Amino acid sequence: MSETSASDYWSANKRLIAFCLTVWFVVSYLFGIVLVEPLNAISLGGYKLGFWFAQQGSIYTFVVLIFFYASRMNALDRKHDVHED
Amino acid sequence: MDLQTLTYAVVGATFLLYIGIAIWARAATTGEFYVAGKGIHPVANGMATAADWMSAASFISMAGLIAFNGYGASVFLMGWTGGYVLLAMLLAPYLRKFGKFTVPEFIGDRYYSKAARIVAVLCLIIASITYVIGQMKGIGVAFSRFLQTDYDTGLYIGMAIVFVYAVLGGMKGITYTQIAQYVVLIFAYTIPAVFISLQLTDQPFPQIGLGSAMGDGSGTYMLDRLDQVVTDLGFKEYTTQTIGSKLNMFAYTFSLMIGTAGLPHVIIRFFTVPKVRDARSSAGWALVFIAILYTTAPAVGAMARLNLMNTIQTGEVGSAEGNLAYENAPQWFKNWEKTGLLKFEDKNGDGRIQYYNEKNEDMAAKAASYGWAGSEMTKVDRDIMVLANPEIAKLPNWVIAIVVAGGLAAALSTAAGLLLAIASSISHDLLKGIFAPNISEGAELMASRIAMAGAIFAAGYLGLHPPDFAAGTVAIAFGLAAASIFPALMMGIFSKKVNNTGAILGMLAGISVTMFYVFQHKGIAFVPNTAHLIGGAGSEGFTANWFFGISPNAFGSVGALVNFAVALTVSSVTKAPPEHIQHMVEDVRVPKGADAAVDH
């Protein structure tokens with residue numbers, strides 16, 4: 001594996017992480033805490049939306065994010081030829 | 001069969017199962033004792049991680065805190081799940097690639113310093129023991145209810161069982177045992193939730209039931225009804241009440257998230273998967289199994305609160321017949337009174353139970369006009385709510401028995417995992433790694449067992465007067481890990497510039513700041529009535545003067561920022577790490593070649 005390939009791989013990984021952590025931040029800190037009052041004006045069934053993000057929605061998003069990251073990284077591993085076996 | 005016999009039978013059967021598995025898979029060599037030969041499938045590993053992770057704090061304590069803090073308790077829900085995102089992206093795959101046994105080993109190698117390794121071990125021990133104190137609280141609550149004793153006796157019995165249990169098997173035993181424990185605890189948690197959700201809202205899924213209308217035909221949403229019921233008695237509105245300021249909620253969540261990613265007994269799990277890519281997906285599977293409980297918990301908390309309020313306030317607030325007569329109090333009420341965790345005092349001598357928020361002035365004035373003389377539920381320990389919940393909802397006895405078994409499974413599995421992490425820190429990192437490199441395998445194993453026993457006694461003693469409810473105590477442990485370990489690990493992977501001096505000073509600064517602040521509010525080393533010695537609670541002129549309104553339980557986030565700042569500043573003015581360390585960092589960043597790193 002060449003030097004450039006390794007550093008390209010690492011930058012691509014960091015970009016992917018930055019994207020995922022932005023989503024992570026938005027659904028929990030932003031929707032669940034900072035913007036909870038305005039979002040609570042919207043209803044999701046019997047849930048206020050901000051409350052729903054804080055107690056349900058953020059958790060579902062976290063699960064999806066990890067599997068998304070894992071599958072994108074598997075593709076990146078192969079693309080940059082740094083995968084195992 | 002009566003409830004007591006049934007509970008014995010169910011708890012006994014699950015214990016036989018765990019012990020049977022532990023004996024069947026008894027650890028042979030020290031390597032297996034720690035990480036089970038690195039051959040566990042990601043889904044199985046995820047399930048074991050979930051059992052390991054979901055402790056008395058998650059199972060027994062958290063829904064109780066949700067019940068009484070409503071929206072404010074969201075910090076636990078987001079904080080204890082969001083950390084897995086960080087773990088999967090920032091730590092787990094790289095630490096797996098590095099391929100050593102323990103977290104301090106990585107820190108010692110990456111920062112080419114025995115001192116760094118020792119500091120990491122000390123931070124881990126402090127965080128882990130604090131964590132075990134929280135477990136001991138949960139174990140004490142569960143055993144006192146199960147055996148119908150007072151809390152202290154329950155705790156002593158629990159200590160003895162944890163000791164036997166943790167010493168019996170190492171990680172391998174624990175991995176398979178924990179899969180069984182996960183199954184027991186998740187059924188124990190969800191079955192009563194489904195029943196109660198059906199009772200209240202006709203919805204089998206608690207996650208949906210919580211957002212549905214009441215099943216009584218009134219068309220009122222369950223959460224709106226709950227808001228109404230609690231505000232009628234002067235409590236804060238359930239769906240909007242907070243824990244401190246917004247900044248505190250933010251800091252609390254952040255502290256729990258990065259603490260999750262810094263705790264040794266969770267990270268060590270990711271050393272046990274076969275490949276680097278498995279470390280990523282394993283974190284995802286762990287979170288799937290955790291999320292089943294964590295998305296159910298808000299429903300458990302809200303519905304338990306509603307049922308509790310309706311049990312006591314049976315009629316209109318203020319009417320003479322509106323409150324439950326003590327002589328008609330249900331059996332669960334009397335059972336919990338025996339443990340000392342629930343207390344009733346008939347202040348106005350009317351033989352009925354009044355439960356309201358006496359600190360709310362408007363409510364206190366109204367109460368006085370009803371002839372109430374103060375709230376008569378003088379103690380409602382939050383940690384009893386989950387265990388009492390099925391009884392409050394009048395569910396069948398077998399459900400109650402399963403919940404007790406699940407609570408014990410949760411507390412025991414985590415206590416065992418933590419004790420193992422403490423034991424391996426002392427025997428593997430301190431003794432074999434630094435002070436006695438030539439120690440035999442047998443002696444190393446013996447040392448780790450002695451360390452376990454010591455940790456159980458320390459935590460059990462402090463568990464008699466825990467600094468907070470189980471989940472609150474555990475939150476402090478997370479803050480300590482957040483302030484010390486997480487920054488050192490993350491910078492070790494994502495920066496090639498951070499050096500030995502920077503990392504050591506960073507960890508020391510982070511954990512010291514956090515510990516000092518916590519001890520000022522909770523007592524030195526959590527020993528009651530000692531905080532005044534360092535100018536804290538109880539000393540003259542001390543008011544609970546929170547730094548920017550950030551509570552001690554949330555302070556790990558500030559400690560972590562201090563750690564990052566100190567490490568980066570010191571590293572920028574001291575010598576850069578040597579060439580081979582920089583190569584090592586480059587190497588852990590790519591999965592290729594991981595198998596070679598596995599061999600020890």
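B:Leu91 touches B:Leu86, B:Ala261, B:Ile267, B:Phe486, B:Leu489, B:Met490 and B:Ile493, leaving aside residues up to four places away in sequence. The model is a predicted one.

B:Leu91 is also one of the residues that touch the most other members of the largest nonpolar core, a set of 225 residues.

## Ser281 in helix H14

B:Ser281 has its place in helix H14 of chain B. The relative accessibility of B:Ser281 is 16%, so this residue counts as buried, the cut-off being under 20%.

The contacts of B:Ser281 involve both chains: B:Ser281 touches A:Phe67 and A:Ala70 as well as B:Pro42, not counting residues up to four places away in sequence. B:Ser281 and B:Phe59 are 222 residues apart along the chain, and their C-alpha atoms are separated by 24 Å.

## Crossing of helices H7 and H19

In chain B, the axes of helix H7 (residues 114-147) and helix H19 (residues 441-463) come within 8 Å and cross at roughly 55°. H7(B) is therefore oblique to H19(B). Angles from 65 to 115 degrees would count as roughly perpendicular, and those under 35 degrees as roughly parallel. The crossing of H7(B) and H19(B) is right-handed.

On the H7(B) side, the contact is made by B:Ile129, B:Val132, B:Ile133 and B:Met136. These meet B:Ala455, B:Ile456, B:Ala459, B:Gly460, B:Leu462 and B:Gly463 in H19(B). By class, the residues of the contact of H7(B) with H19(B) are 8 nonpolar and 2 polar, with no charged residue.

## Positive phi in two loops

B:Asp202 lies in the loop between helix H9 (171-201) and helix H10 (206-209) of chain B. Its phi is near 65°, a positive value in a residue other than glycine. The relative accessible area of B:Asp202 is 52%, and B:Asp202 is therefore exposed, the cut-off being over 50%.

B:Lys394 is found in the loop between helix H17 (385-392) and helix H18 (397-435) of chain B. B:Lys394 is not a glycine, yet has a positive phi of about 60°. With a relative accessible area of 73%, B:Lys394 is exposed.

Key: Residues are numbered from 1 along each chain as its sequence is written. Chains are lettered from A and ligands numbered from 1 in the order in which they are written. This is a predicted model: local features need pLDDT of at least 70, side-chain atom pairs count only at pLDDT 80 or more; totals for chains, interfaces and linings use all residues. Side-chain values use heavy atoms; hydrogens and water are left out. Axes are lines fitted to C-alpha atoms, for helices over the stretch in contact, and angles run from 0 to 180 degrees between N-to-C directions. Helices (H or I, at least four residues) and strands (E, at least two) are DSSP runs, numbered from the N terminus. Angles under 35 degrees count as roughly parallel, over 145 as roughly antiparallel, 65 to 115 as roughly perpendicular and the rest as oblique. A crossing is left-handed if the near helix is turned anticlockwise from the far one by less than a right angle, and right-handed if clockwise. Contact means heavy atoms within 4.5 Å. Ala, Val, Leu, Ile, Met, Phe, Trp, Tyr, Cys and Pro count as nonpolar, Asp, Glu, Lys and Arg as charged, and the others, Gly among them, as polar. A nonpolar core is a set of buried Ala, Val, Leu, Ile, Met, Phe, Trp, Tyr and Cys residues joined through side-chain atoms within 4.5 Å. Buried means under 20% relative accessible area, exposed over 50%, partly exposed in between (1.4 Å probe, protein chains only).
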